[in-house]
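Hi everyone, thanks for coming. Let me put the structure up, and then we'll walk through it together.

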Amino acid sequence: MKRVATLTMNPALDKSCTVESVAPERKLRTSEVVLHPGGGGINVSRAIAQLGGESAAVYTAGGVNGQLLHGLLADAASIEHHVVEIRGDTRENLTVRERSSDQQYRFVMPGAELSRDEWQRCLDQLWKLDPWPDMLVASGSLPPGVPNHFYATLARQGRERDIHVIVDTSGDPLREAVDAGLYMIKPNLRELGQVSGRQLENDPQIEEASKRLLGEGKAQIVVTSLGPGGAVLVWEGGVEHIGSPTVPIRSKVGAGDSMVAGIVLALARGKSVPQAVRFGLAAGAAAVMTPGTELCHREDTERLYNEIVGPASD
C-alpha cells in the first residue's frame with residue numbers, strides 16, 4: 001500500500017453540542033458535548049483511520065488548545081503524528097445542533113497568525129518524513145500570516161520528490177496551487193468556478209472546465225463534488241457522472257474531508273480512479289449520517305460503496 005501523509009496548517013479543536021433552541025439573551029443549556037481534533041488534513045487522517053488505513057499527519061499546534069489537540073491525536077494509534085509548535089493558540093470551532101428545529105449552527109474561529117519561520121518549518125517537517133509519502137493531502141484554510149502561494153510551493157516541492165499532491169482548499173490559495181500543477185483536486189461547483197475564472201452552472205460546463213485543467217497540466221484528476229448530487233469525475237480515462245447514495249442527514253461537518261480520505265485511501269490500496277471516487281462518495285455519505293463532528297464509519301462506508309458499485313465491483 002502507498003504511504004499517505006496529510007498537512008493541516010490551520011487545525012482546530014472541534015467541539016459539538018446540542019441545545020433545545022437557540023435564543024438571544026438567554027443561558028443556553030447544552031448536552032451531548034463532544035470534542036474532536038479537527039482541521040482539513042487532520043480530519044482526512046482521522047477518516048482514513050476510521051476506514052482501516054494509516055497515515056502520517058503533520059500539523060501546527062500552540063497553547064493549551066494545541067496541547068489538547070496533540071493529546072487527542074496521540075491516542076489514535078493508526079495516525080503517525082508530527083507537530084510543528086507555534087507561538088499562537090490553536091483555534092477552537094463550535095457546532096451547535098438545535099434540537100427543536102434539527103438545524104445546525106457552525107461557528108468557525110480564525111486561526112493563530114504564523115510567522116514565516118513557523119510556516120517554513122511545516123514544509124521542513126514534511127520533507128523530514130522517512131520515507132517520504134507517495135501521496136500528500138494538504139487540506140483546509142491557510143491561517144493568517146501564511147502566503148497564498150504556500151500550497152503552490154508545496155505542490156512544486158512535492159512534484160520534485162515524485163509525490164502525488166492533493167490540495168483541498170478554496171479561493172486564491174487553490175487557484176495558485178492549481179497553477180503550479182496538482183495530482184488531484186476535489187472542488188465544489190463554486191470552487192471550480194473560482195479556478196476556472198467564470199461561473200459554472202451545469203454538468204457540460206463542469207466537464208469543459210475540468211478538461212481544460214487536465215489539458216493545461218494543472219491537474220490529473222478533477223472530482224467536482226455536487227453534494228447529494230454525487231460528483232463529476234474527469235481524468236485521463238474520460239468523464240463519469242457518479243451518483244451519491246441517499247442517506248439520512250445528521251451533520252455535514254467533515255463530509256468533504258471524509259470523501260477525500262476515501263478517495264486517497266482507495267487509490268493508495270490500488271483501486272482504479274473511478275472505483276476510488278465511488279469509495280470516496282460512500283465515505284462522504286457515511287459521514288453525514290454521524291452526529292456533530294464525527295466522521296465516516298467503516299461499516300457504513302463499505303455498505304454504501306457496495307450499493308454504489310453493485311455486483312460488478314472490482
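How many bridges join strand β4 to β5, and do these strands run parallel or antiparallel? There are seven, and β4, residues 55–61, runs parallel to β5. I call two strands paired if DSSP finds at least two bridges between them. Strands are DSSP E runs of at least two residues, helices are H or I runs of at least four, and both are numbered from the N terminus. Within this pair, Ala61 stands opposite Glu85 in β5.

A quick word on what you're looking at. This is a predicted model, where local features need pLDDT of at least 70, side-chain atom pairs count only at pLDDT 80 or more, and totals for chains, interfaces and linings use all residues. Residues are numbered from 1 along each chain as its sequence is written, and side-chain values use heavy atoms, leaving out hydrogens and water.

Now let's step back to the sheet. It is open, with nine strands in the order β5-β4-β1-β8-β9-β10-β11-β12-β13 and mixed pairing. At the edges stand β5 (79–85) and β13 (238–242), each with a single partner strand, so one side of each has no neighbour in the sheet. On average, neighbouring strands are turned by 20 degrees against each other, direction ignored.

At the β13 end, β12 and β13 form a hairpin with two residues between them, and they pair in the antiparallel sense over five bridges. Ala231, in strand β12, stands opposite Ile242 in β13. Is Ala231 buried or exposed? It is buried, with a relative accessible area of 2%; buried means under 20%, exposed over 50%, and partly exposed in between, using a 1.4 Å probe and protein chains only. Leaving aside residues up to four places away in sequence, Ala231 touches several others, including Val223, Glu240, Met259 and Leu281, where contact means heavy atoms within 4.5 Å.

Helix α7, residues 203–215, lies across β10, β11, β12 and β13, and runs at about 160 degrees to β11. For that angle, axes are lines fitted to C-alpha atoms, for helices over the stretch in contact, and angles run from 0 to 180 degrees between N-to-C directions.

Finally, do have a look at Met109, in the loop between β7 (103–107) and α3 (116–126). Met109 is partly exposed, at 38% relative accessible area. That's my tour, so over to you!
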